[in-house]
Each structure stands twice: as C-alpha cells, then as structure tokens.
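Please consult the sequence and the structure shown here. The briefing that follows describes their architecture.

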Amino acid sequence: MTDGKYSIEFKNLVKKFGDTTVLDDISFGIHKDKITTVLGFSGAGKTTLMKHILGLAMPTSGEVIVLGTSITKISELELREFRRNFGMVFQYAALFDFLTSFENVAFPLREFTTMNEEEIKVKVMGLLKSVGLAPEAATRLPSELSGGMRKRVGLARGLALDPHIMLYDEPTSGLDPITTHMVYDLMRETQKENVKCGFTSVIISHDIHATLKYSDYIVFMEKGKVVEHLDVESFKKSENPVIRRFLEL
Amino acid sequence: MKQMVEKRIEMLGTDVLNLLQGLGDFTNYTSKTLYWTFKPPYRWKLLFDQIYFMGNKSIFIIFLTSAFTGAVFAFQIYVGMKVINADSFIGPIVTIALAKELAPVLSGLVVAGRCGAAMAAQIGSMKVTEQIDALEVMGINSYQYLAVPRILGAMLSLPLLSGIFLLIGYGGAWLIGTKVILIDEVVFSSKLSDFMNLGMVAEGIIKATVFGYLIGIIGTYQGFTVTGGAEGVGKGTNMAVVWGMITVLVVDFFLTSFLTKIL
C-alpha cells in the first residue's frame with residue numbers, strides 16, 4: 001500500500017522485450033497533487049513506463065501501485081474498471097476522427113455514466129469552455145481543428161470522468177512555441193482547479209524548458225534507469241553530467 | 001557451399017517460425033473476439049451501423065453483379081443445352097447454381113473487396129493514430145468495440161445479400177430466358193419445383209454466414225496488426241482483400257464437400 005504521499009509507486013520494476021531491458025529495476029514514487037514530468041532522451045523508456053502506469057504493459061518483474069492498488073495483481077476486467085481513474089492526453093490527441101469535438105468529449109460520459117443527454121450537453125460544453133474552446137468548435141470534426149485545438153479537445157475528453165490521475169504523452173510535440181505555452185498553462189490551471197480532489201499530473205516530455213517552468217517534480221530517465229528524481233529547484237542544481245548536458249541543450 | 005546451405009536452412013526455419021507465430025496470433029485474436037462477443041455491454045447501435053454499411057450500402061453493387069451474372073449464365077447454359085435440345089432446363093440449372101454457389105461466393109467476393117478493405121483501413125488508421133490506445137485507456141475493450149460489431153455485421157449481412165443476389169440473379173436469367181431466348185414463362189418456372197429443394201437454399205445461406213465470419217475476422221485482424229503509418233494501413237487493407245477473397249474460394253470447396261453430404 002502507498003503511504004498517502006504518492007499516487008503512483010514503482011517497486012523494482014523491470015521490463016524486458018526479448019533480451020533487451022527497457023526498464024531496469026525502477027523504484028520511485030510520483031507525488032500526489034503535484035505535476036511530475038518524466039524527462040529523458042528518445043528510447044529512455046518513458047513511454048513504456050507510462051504504459052505500465054495504465055496497465056497497458058505488464059512488468060517482467062516488480063510491481064506498480066496506483067492509488068493504493070497493485071495493478072499488476074488485478075484481473076483484466078478489474079483493470080479496465082480501474083482505468084477510469086485515469087485521463088490521458090495523447091501525443092497527437094488521438095481524437096476519434098469519426099466524431100465531432102462534442103461527441104469526442106461526450107464519448108466517455110455516454111459509455112460510463114447514466115447522465116441523460118441534457119446533462120451530457122451541459123457537462124461537455126462546460127469542459128470545452130474550460131479548455132478555452134469556443135462553442136462553434138463543438139460541431140467540428142478533428143480534421144477541421146488546429147493542432148492546439150485538438151490537444152484542448154483531448155484534454156477536455158481526458159477530464160470528462162473527473163480522473164484522479166492525468167497523463168500527458170508529449171503534449172506539446174508538433175506545436176509552435178506560443179501554443180506550447182498555452183497548452184502548458186492549461187495543464188497547470190487544470191492541476192490547480194482539481195487539486196482539492198487529489199489530482200495528480202504526469203507528463204512525459206523532452207521539452208526541458210517548459211518542464212522546468214511548469215513541473216513540481218522531475219524524473220530523469222536514461223537507458224531504462226531513473227537517473228534522478230528531484231523537485232525542480234534541486235534538479236536545476238544537479239551535478240549529474242547527463243542532466244547537465246540535457247539542461248544545456 | 002556449406003555456408004549457403006546453412007543460410008537457406010536458417011531462412012526456412014525463420015519462415016516456419018514466422019508462420020507459426022502468425023497462426024498463433026490469429027488464433028489468439030479469434031478466441032479473444034469470440035470471448036468479447038458474449039460479454040456485455042452489447043453494442044447494438046454499432047452492430048446496426050455495420051449492417052447498414054455492409055448490407056444496405058452494398059445492395060447496388062450486388063444488384064448489378066447478380067443481374068448480369070444471372071443473365072450471362074442463362075445465355076451460356078442455353079448455348080450448351082440447345083445442342084441436346086434441353087434448353088427448357090435453363091431455369092432450374094441457373095437457379096440451383098445461384099442458390100448453392102454463385103450467390104454466396106460472388107456476394108462474398110464483393111463484400112471481401114468492399115467491406116474487408118474498409119474494416120482493415122478504418123481499424124488500421126485508428127491504430128496508427130493511437131485511437132485504439134485511447135479506447136483502451138478509457139477501459140473500453142477495442143476488440144469488443146471495433147471487431148465484434150464488424151464480424152457480426154458481416155455474418156448477418158452476407159446471407160441477406162446472398163438472398164438478394166439469388167432473387168435478382170434469377171430475375172436476370174428469367175428476363176433473358178423468357179424475353180430473349182423465348183422459353184415459355186411457365187416452363188421456365190415450373191421446372192424449378194422439380195429440381196430445387198430448401199436444402200439448396202440453406203446451403204447457400206450457411207456458406208454466406210461462414211464467409212461473412214471469415215471476411216470479418218480477417219478484415220479486422222489485418223486492421224489490428226497494422227504497423228507503421230500510411231504504408232502499413234495500405235498493406236493491411238491489401239492483405240484483408242487478398243486473404244478475404246482467397247479464404248472465401250478455398251473454404252467454399254471444403255464447405256461444399258461437407259454440406260452436400262449433410263443437406
């Protein structure tokens with residue numbers, strides 16, 4: 001069980017694909033109510049780590065404890081139920097391309113709640129507004145939205161079921177610098193607004209500058225290992241040569 | 001020389017292993033889709049959407065294919081039968097051939113081309129754009145949401161399309177037989193009851209249902225196994241059509257051998 005300090009805990013997590021070790025004996029905790037960014041070069045194992053949080057990948061050995069539940073020990077059906085604790089924003093938003101923005105955000109509500117259409121409409125329009133989208137965007141298909149707008153709709157969809165943990169996979173890749181900061185501001189606001197409900201944000205990124213500005217904690221990974229896990233201020237002062245190299249980029 | 005032989009044996013071994021791996025994956029996929037077919041929630045709307053897409057939207061092409069198949073077949077039979085002065089048998093011959101073989105097989109080929117490709121392309125593009133991951137993260141089983149309605153949709157649509165094929169094909173043959181070849185209308189139809197029975201229609205329906213299942217399972221499997229980007233989707237779509245059509249033709253042979261014994 002977690003001691004209440006962490007939302008997510010990894011205990012001696014090892015993941016191997018054949019002879020290749022992708023995650024090598026990882027043990028750390030992700031702080032509750034905070035924004036933690038997992039940083040690292042490409043191929044460091046960040047995405048695999050995130051898949052373990054969601055239970056989309058199972059460890060070769062070790063344990064992943066999320067909100068006090070060892071997700072490596074529960075059945076597939078229980079895991080599917082458990083995933084409703086998560087919201088996720090994908091690298092390219094992953095909106096359902098056959099549904100409008102409104103339908104995308106309404107999708108989890110229709111699947112998992114007993115809300116009627118009027119209640120769904122109020123909730124969806126509220127979510128779209130909270131992520132800074134005009135009502136006209138609701139009727140548009142993902143192909144008719146800009147990259148930044150798609151990310152916003154993705155965030156609104158992720159928030160629809162009031163998750164306890166929000167995961168962001170490279171949320172600003174492919175966006176211009178201004179939109180990047182808008183998306184980070186939105187993530188920060190979302191964290192602030194939901195912190196009373198025990199809300200934790202985990203960001204997978206390699207955008208060092210935005211990370212330092214918006215995160216509370218940073219986990220730095222290299223070659224499947226956690227090199228550092230520090231708060232932002234301590235991270236900036238880290239003497240680790242790999243981190244220094246990353247900071248100087 | 002020895003090195004070359006060793007390399008060939010190694011390549012053969014790799015091919016066999018890949019084949020076995022592929023068969024294993026396909027069997028695993030088949031069992032998962034079967035499991036999720038009977039697990040609630042039952043997605044009726046998605047099923048009806050698929051029946052509408054595969055059934056209703058295929059009617060025009062089935063209409064064209066069947067009308068001309070029946071008409072051409074009546075002509076060809078007439079040419080052969082006229083020699084032995086048995087041209088009044090055109091009606092039953094064409095109808096039996098349509099009921100037992102042509103309707104299920106040609107409908108199967110049309111659906112494999114039209115819908116098998118669509119299944120692989122839709123699911124494949126959802127996979128490469130992480131939409132399937134998004135479903136899974138929400139706790140929705142992607143096999144149940146995407147594969148099951150398509151497989152059941154194909155299983156239910158294809159017998160209906162095959163029935164339509166039979167009726168329209170018969171119409172095409174009747175038109176050519178009675179209006180062009182000038183066989184008496186009563187003779188053309190009356191011989192049917194002497195030679196046809198319900199078992200023949202049942203054979204066609206059973207075949208169409210099996211073909212529907214195979215087209216559905218192959219089309220969706222190819223979609224789920226897409227890797228890479230647009231090129232992968234194209235490859236998956238192509239494989240869905242090719243394997244769908246080959247499977248319909250090969251399985252038809254074995255089904256015919258089996259069904260003629262029991263019906």
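**Architecture of chains A and B**

Read along its sequence, chain B has the pattern α-α-α-α-α-α-α-α-α. This is a predicted model, in which local features need pLDDT of at least 70 and side-chain atom pairs count only at pLDDT 80 or more, while totals for chains, interfaces and linings use all residues. Residues are numbered from 1 along each chain as its sequence is written, and chains are lettered from A and ligands numbered from 1 in the order in which they are written.

**Chain B**

- The secondary structure of chain B comprises nine helices and zero strands; helices (H or I, at least four residues) and strands (E, at least two) are DSSP runs, numbered from the N terminus.
- The C-alpha trace of chain B spans about 65 × 60 × 35 Å along its principal axes.
- Of its 263 residues, 42% count as buried, that is, with 20 or more other C-beta atoms within 10 Å of their own, the C-beta atoms being placed from the backbone.
- Among contacts in chain B with a separation of 6 or more, 88% join residues 24 or more positions apart; a contact requires C-beta atoms, placed from the backbone, within 7 Å.

**Chain A: the sheet**

- In chain A, four strands form an open antiparallel sheet in the order E2-E1-E4-E5, where pairing requires at least two DSSP bridges between two strands.
- Its edge strands, E2 (20–31) and E5 (69–70) of chain A, each pair on one side only.
- Strand E4 (residues 61–66) of chain A pairs with E5(A) in the antiparallel sense over two bridges, and A:Val66 stands opposite A:Thr69 in E5(A).

**Chain A: the helix**

- Helix H1 (residues 46–54) of chain A lies across strands E1 (6–17), E2 and E4 of chain A and runs at about 120 degrees to E1(A); axes are lines fitted to C-alpha atoms, for helices over the stretch in contact, and angles run from 0 to 180 degrees between N-to-C directions.

Conventions: Buried ≥ 20, exposed ≤ 12 C-beta atoms within 10 Å, placed from the backbone. Contact = placed C-beta atoms within 7 Å.
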